[in-house]
Amino acid sequence: MSDRPARTVSRARQLLRALPWIAVLVIIGTVQLIRDAPVDSVIFAVVAVLIVLDAVGVLPQLPAMQVTLAALVIGGLLAAALLVLVPRHGLLAGIVVSAVGLAAVAIAWSRPASRTRMPRGRVLRGAILWASITIVLCLWELSSFLLGRYTVDTKIAHPAVSDLLDPAVDTVPGRVVFVVVWIAAMIGFVRVGRTRS
Amino acid sequence: MTRELTIAGYLVCLLIAFVLVVISHRRDAPFATLGEVLDQVFADRAVRITIIVFWWWLGWHFLVARTVDPPLT
């Protein structure tokens with residue numbers, strides 16, 4: 001007997017479960033369009049489409065990549081050093097940041113799509129609290145961006161996070177802190193949840 | 001005054017996040033740590049790819065692309 005109906009239901013469930021995250025990507029991509037950053041918008045749109053295609057089972061499963069923590073740390077340190085040394089907003093910075101992103105997404109994507117259960121108890125309460133504070137922060141940032149985008153005066157009155165952090169990242173100590181936090185979190189994101197998938 | 005209020009909003013969010021970290025690491029914490037939450041939700045590919053891509057974009061935004069948007073007028 002064919003298992004096609006069961007597979008169709010399973011894929012429909014997977015798509016349903018991915019929908020909130022696809023919506024997040026679409027919203028972020030739309031904000032990039034509003035701020036006249038079409039390249040950033042296209043990046044989020046492409047990822048949203050890939051997640052839809054993956055959920056409906058069109059994309060092939062990548063072979064699982066086994067990358068050790070030592071390899072991630074060595075690669076991360078190398079990338080961090082380059083990002084501190086090369087000029088900000090330059091071609092080399094673009095190449096290094098793109099390489100970090102492609103590597104992180106490839107490793108994360110190569111892990112099998114899991115059949116996770118809904119979080120319960122302590123984890124569910126934690127997820128609700130962390131999601132709530134993240135959403136509040138994003139809404140505050142979005143409202144500041146929208147209110148501040150018209151004139152120099154409104155921009156001073158309603159600074160976005162980028163406006164506040166940009167001068168710090170422009171200094172060497174500030175860039176070191178930013179790059180180290182960015183790379184360290186990326187290594188953590190690539191490794192977290194491996195035991196469950 | 002509006003600028004201070006806007007910045008205070010960001011700082012309040014940071015403060016709440018710090019309080020959540022401290023409480024969640026207590027032995028009798030009523031909710032899981034951020035690490036425990038991520039460990040569970042990252043088992044789902046859509047979640048981990050979305051969060052990793054967003055985090056990657058922060059690096060792109062601050063190190064490569066235009067970070068500060070000019071005012072419209």
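Start by selecting B:Ile52: at 0% relative accessibility, B:Ile52 counts as buried (under 20% relative accessible area; over 50% is exposed and in between is partly exposed, with a 1.4 Å probe and protein chains only). B:Ile52 is found in helix H3 of chain B; helices here are DSSP runs of H or I with at least four residues, numbered from the N terminus.

A word on ground rules: this is a predicted model, where local features need pLDDT of at least 70 and side-chain atom pairs count only at pLDDT 80 or more, while totals for chains, interfaces and linings use all residues. Residues are numbered from 1 along each chain as its sequence is written, chains are lettered from A and ligands numbered from 1 in the order in which they are written, and side-chain values use heavy atoms, leaving out hydrogens and water.

Now show what surrounds B:Ile52. Setting aside neighbours within four places in sequence, its contacts (heavy atoms within 4.5 Å) are A:Ala104, A:Val105, A:Ala108, A:Met186, A:Phe189, A:Val190 and B:Phe42.

Next, bring up the largest nonpolar core, which has 49 residues. Such a core is a set of buried Ala, Val, Leu, Ile, Met, Phe, Trp, Tyr and Cys residues joined through side-chain atoms within 4.5 Å. The members that touch the most others are A:Ile51, A:Leu83, A:Val97, A:Val179, A:Trp182, A:Ile183 and B:Leu63. Color the elements giving two or more residues: H1 (4-34), H2 (38-55), H3 (69-85), H4 (91-110) and H8 (172-191) of chain A, plus H3 (45-63) of chain B. H3(B) gives the most, with eleven residues.

Zoom to A:Ile51. Beyond its neighbours within four places in sequence, A:Ile51 is in contact with A:Ala18, A:Ile22, A:Leu25, A:Trp109, B:Ala46, B:Ile49 and B:Thr50. Apart from this core lies another, of ten residues, including A:Trp130, A:Ile133, B:Cys13 and B:Val37.

Follow B:Val37 into helix H2 (residues 34-41) of chain B, where the buried residues are B:Val37, B:Leu38, B:Asp39 and B:Gln40. Helix H5 (121-148) and H8 of chain A are among what covers the buried residues of H2(B).

Last, color by pLDDT, the predictor's confidence in each residue from 0 to 100. Chain B averages 94, and 100% of its residues reach 70 or more. The model scores ipTM 0.93 and pTM 0.92.
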